[in-house]
Amino acid sequence: MGPGTILRALESTLAASSTTAGSAASASGAQLVKYPYFVRRTRFQSLPVYRDIKNGNTRKLTLVRRIEGDLEALRSDLIQALGANTQIAVKKTSQQLVIKGDCKRSVQEWLTKKGF
């Protein structure tokens with residue numbers, strides 16, 4: 001079961017719930033937002049954002065894993081959210097972002113606000 005199957009199932013579920021409660025959804029002004037990337041949650045339903053400490057507790061990194069889609073778009077959105085001087089590296093082979101510094105909490109809050 002790939003990401004396209006999950007998206008179609010989610011869209012059909014949202015479409016069914018919006019037709020049954022269409023007036024409530026339109027009254028609240030909620031809209032389905034599509035991003036060019038998707039961050040899947042873990043099997044325990046937590047966000048895949050991790051701390052990595054290297055060099056004897058002198059180098060702190062934040063890892064974002066389980067990313068599907070456009071890594072560069074997620075990188076640019078995170079730079080806007082965390083600040084322009086944030087250094088974010090893209091690992092295309094493992095579909096991960098490596099952020100310099102310990103910003104796990106702010107990344108998790110940002111992803112939650114975005115609806116992931």
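**Exercise 1. The buried side of helix 3**

Task: Find which residues of helix 3 are buried, and say where they lie on the helix.

Solution. 
Step 1. The buried residues of helix 3 are L71, A73, L74 and L78. Buried means under 20% relative accessible area, exposed over 50%, and partly exposed in between (1.4 Å probe, protein chains only). Helices (H or I, at least four residues) and strands (E, at least two) are DSSP runs, numbered from the N terminus.

Step 2. Look down the axis of helix 3. Its buried residues fall within an arc of 160 degrees, so they line one face of the helix. The arc is that of the directions from the helix axis to the C-beta atoms.

Step 3. Now find the cover. It includes strand 1 (37-39), strand 4 (67-69), strand 5 (88-91), strand 6 (96-100) and helix 4 (104-114).

A word on the source: this is a predicted model, in which local features need pLDDT of at least 70 and side-chain atom pairs count only at pLDDT 80 or more, while totals for chains, interfaces and linings use all residues. Residues are numbered from 1 along each chain as its sequence is written, and side-chain values use heavy atoms, with hydrogens and water left out.

**Exercise 2. Length and ends of helix 3**

Task: Check the span of helix 3 against its residue count, then describe what is found at its start and after it.

Solution. 
Step 1. Helix 3 covers residues 71-82, which is 12 residues. The expected span is 1.5 Å times one less than the number of residues.

Step 2. That gives 16 Å, and the end C-alpha atoms are 16 Å apart, so the two agree.

Step 3. At the start, a side-chain oxygen of D70 comes within 3.3 Å of the backbone nitrogen of E72.

Step 4. After the helix comes G83, with a positive phi near 125 degrees.

**Exercise 3. The salt bridges**

Task: How many salt bridges does the structure hold, and which parts of the chain do they link?

Solution. 
Step 1. There are 3 salt bridges. A salt bridge is a side-chain nitrogen of Lys or Arg within 4 Å of a carboxyl oxygen of Asp or Glu. Side chains of opposite charge can pair when their charged atoms come close.

Step 2. Take E68 and R40. Their side chains meet in a salt bridge at 2.5 Å, N to O. E68 is in strand 4 and R40 in the loop between strand 1 and strand 2, so this pair links distant parts of the chain, 28 residues apart. R40 is partly exposed, at 31% relative accessible area.

Step 3. Take D102 and R51. The closest N and O atoms of this salt bridge are 2.7 Å apart. D102 sits in the loop between strand 6 and helix 4, and R51 in strand 2, so the pair ties together parts 51 residues apart in sequence. D102 is partly exposed at 43% relative accessibility. R51 is partly exposed too, at 45%.

Step 4. Take K54 and D52. Their closest N and O atoms are 3.8 Å apart. K54 has a relative accessible area of 36%, so it is partly exposed. D52, at 23%, also counts as partly exposed.

**Exercise 4. Around R51**

Task: Which residues does R51 touch, leaving aside neighbours within four places in sequence?

Solution. 
Step 1. R51 is in contact with L61, D102 and K104. Contact means heavy atoms within 4.5 Å.

**Exercise 5. Loops and positive phi**

Task: Where do T42, R66 and Q95 lie, and is T42 buried or exposed?

Solution. 
Step 1. T42 is in the loop between strand 1 and strand 2 (49-54). At 11% relative accessibility, T42 counts as buried.

Step 2. Leave aside neighbours within four places in sequence. T42 then contacts P48, Y50 and R66.

Step 3. R66 lies in the loop between strand 3 (59-64) and strand 4. Its relative accessibility is 33%, so R66 counts as partly exposed.

Step 4. Q95 is in the loop between strand 5 and strand 6. Q95 is partly exposed, at 29%.

Step 5. Compare with the general rule. Most residues other than glycine have a negative phi. R66 has a positive phi of about 55 degrees although it is not a glycine. Q95 also has a positive phi, near 55 degrees.

**Exercise 6. The whole chain**

Task: What is the order of the elements from the N terminus on?

Solution. 
Step 1. The chain has 4 helices and 6 strands.

Step 2. They run α-α-β-β-β-β-α-β-β-α.

Step 3. Of the 116 residues, 24% count as buried.

Note on methods
Polar contact = N/O pair within 3.5 Å; in protein donor to acceptor, adjacent residues only side chain to side chain.
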